[in-house]
Amino acid sequence: MATTLISGGTVVTATGRSAADVLVDGEKIAAVLAPGSTLLGHDLAASVDTVLDATGKYVIPGGIDAHTHMQMPFGGTEASDTFETGTRAAAWGGTTTIVDFAIQRYGERVMDGLAAWHDKAAGECAIDYGFHQIIGDVNDDSLKAMESLVDEGVSSYKLFMAYPGVFYSDDAQIYKAMRVGAETGLMTMMHAENGPAIDAMVAELLAQGKTDPYYHGVARAWQMEEEATHRAIMLANLTGAPLYVVHVSAKQAVEQLAAARDNGQNVFGETCPQYLYLSLEDQLGAGGFEGAKWVCSTPLRSKHEHHQDHMWQSLRTNDIQMVATDHCPFCMKGQKDMGVGDFSKIPNGIGSVEHRMDLMYQGVVDGKISLERWVEITSTTPARMFGMYGAKGVIAPGADADVVIYDPNGHTSIGLDKTHHMNMDYSAWEGFEIEGHVDTVMSRGRVVINNNEYLGSKGHGQYVRRSTSQYLV
């Protein structure tokens with residue numbers, strides 16, 4: 001097997017940083033060594049097949065984006081990134097593992113949905129991938145099927161308190177599913193918004209002629225997120241199920257999670273880059289239909305209410321445990337424009353899988369999070385939360401050689417005609433400038449990105465069988 005030495009860099013983990021060399025043997029990390037170490041008295045650099053010079057750079061575990069939607073059907077169309085294009089874009093941005101969502105729709109069987117997503121992804125991915133399972137129809141058959149998910153390497157499932165008629169589960173269905181989650185160790189993931197009330201608000205706004213994308217954010221008010229988050233926490237408390245609330249955007253929802261955690265409950269929260277950097281006023285309210293580029297759910301929040309600042313604070317205090325993207329891209333032409341004249345018909349989603357690591361590193365540059373916290377929320381915690389830690393999320397002997405060499409002195413300009421490899425006709429991050437750069441990306445020992453060149457290929461990525469969470473308190 002080929003051997004690689006990553007020399008001269010600073011290895012950064014969730015717990016610290018140190019000057020160290022990293023020896024890779026085949027697909028695994030063989031050793032983390034003092035700089036300039038020898039092997040049986042011989043110069044190590046002269047003994048390996050390849051040397052990667054990381055002098056002046058950070059050596060970190062590959063990013064794990066635990067919330068993506070490749071090729072997801074939604075609103076009469078489908079997310080524009082395939083597993084091939086989406087995982088290639090992820091690799092460009094320093095992400096070496098994604099966890100996508102297999103879908104069971106109403107009237108379908110859970111295991112048929114999982115099989116369908118295996119068929120979509122197999123042989124297509126440039127990096128490793130796993131699956132969560134969406135349960136869109138909680139019934140006796142699907143509850144029984146949930147008991148077998150862990151055997152399939154799927155240790156988490158997702159319910160929706162939003163989208164009546166599509167994915168929505170009522171409180172009784174949530175209660176029943178959480179009972180199974182508590183018994184099996186499955187992590188319950190929750191889209192926490194009060195869907196029926198939102199639909200009523202949408203109808204009112206449209207009747208008043210308020211049809212622009214801005215009103216998507218008005219209809220999905222923060223009260224709808226806080227209420228649903230509280231309700232999910234109470235149902236989890238009643239059943240004893242671990243709970244992970246996805247794409248948290250409202251500071252009031254964070255406060256609900258923080259209070260539950262302070263009381264010892266196993267509840268966790270995820271936020272996304274859009275809720276740290278973007279706003280209702282500047283993006284959704286960009287004018288005319290332009291705001292459709294940033295229609296997603298939960299929606300962007302008002303900057304005047306300081307939701308964004310609170311999200312950064314929550315990452316520092318661990319009231320929010322990690323950052324994923326909810327990557328669900330749609331093109332403006334032929335997809336987002338389905339909602340011209342009716343914001344409720346705009347496909348919900350933003351493309352970010354390529355930029356998460358860079359956007360979060362800018363938080364380090366800006367003094368909002370530490371270097372170690374950057375690694376923790378983008379790699380180590382996702383690995384622990386979703387049963388991959390040891391193989392993923394760490395630079396240590398025996399771990400998969402998923403390694404990123406990141407240059408803090410480099411620069412990344414984000415834009416459609418700059419660093420953009422996602423299958424979209426616009427960039428939600430147009431014009432963002434990052435004081436850092438992904439130089440080299442290694443996936444299970446194979447260099448897939450090096451010096452602005454893509455060296456990977458579809459089919460390299462393997463399915464990751466996940467165990468139950470390693471992050472419960």
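Residues are numbered from 1 along each chain as its sequence is written. Because the model is predicted, local features need pLDDT of at least 70 and side-chain atom pairs count only at pLDDT 80 or more, while totals for chains, interfaces and linings use all residues.

Let's start with the spaces inside. On a 1 Å grid over the protein atoms alone, a cavity is a set of points where a 1.4 Å probe fits but cannot get out, and a pocket is an open set with protein on both sides within 12 Å along at least five of seven lines; lining residues have an atom within 4 Å of a point. A volume is the space filled by probe spheres set on the points, which are joined across faces, edges and corners.

| Space | Volume |
|---|---|
| Largest pocket | about 490 Å³ |
| Largest cavity | about 150 Å³ |
| Second largest cavity | about 50 Å³ |

The largest pocket is lined by 22 residues, and F74, Y163, V166, S344 and N348 are the closest to its centre. Helix α5 gives the most to this lining, with 4 residues. Helices (H or I, at least four residues) and strands (E, at least two) are DSSP runs, numbered from the N terminus.

There are 2 cavities of 30 Å³ or more. Around the largest cavity sit 15 lining residues, with H69, Y163, S297, D326 and N348 the closest to its centre. The second largest cavity has 13 lining residues, and P61, G62, K392, G393 and D402 are the closest to its centre. Strands β10 and β13 each give two or more residues to that lining.

**Sheet and hairpin**

Two strands pair if DSSP finds at least two bridges between them. Strands β13 (residues 95–104) and β14 (residues 128–135) pair over 8 bridges, and V99 has G130 in β14 as its bridge partner.

Elsewhere, β23 (residues 437–443) and β24 (residues 446–450) pair in the antiparallel sense over 4 bridges. Their hairpin has 2 residues between the strands, and R444 takes a positive phi near 45° there.

**A helix pair**

Helix α7 (residues 222–239) packs against helix α8 (residues 251–262) at an angle of about 20°, with their axes 8 Å apart. That makes α7 roughly parallel to α8 (angles under 35 degrees count as roughly parallel). Axes are lines fitted to C-alpha atoms over the stretch in contact, and angles run from 0 to 180 degrees between N-to-C directions.

Technical notes
Heavy atoms only, no water. Parallel < 35°, antiparallel > 145°, perpendicular 65-115°, else oblique.
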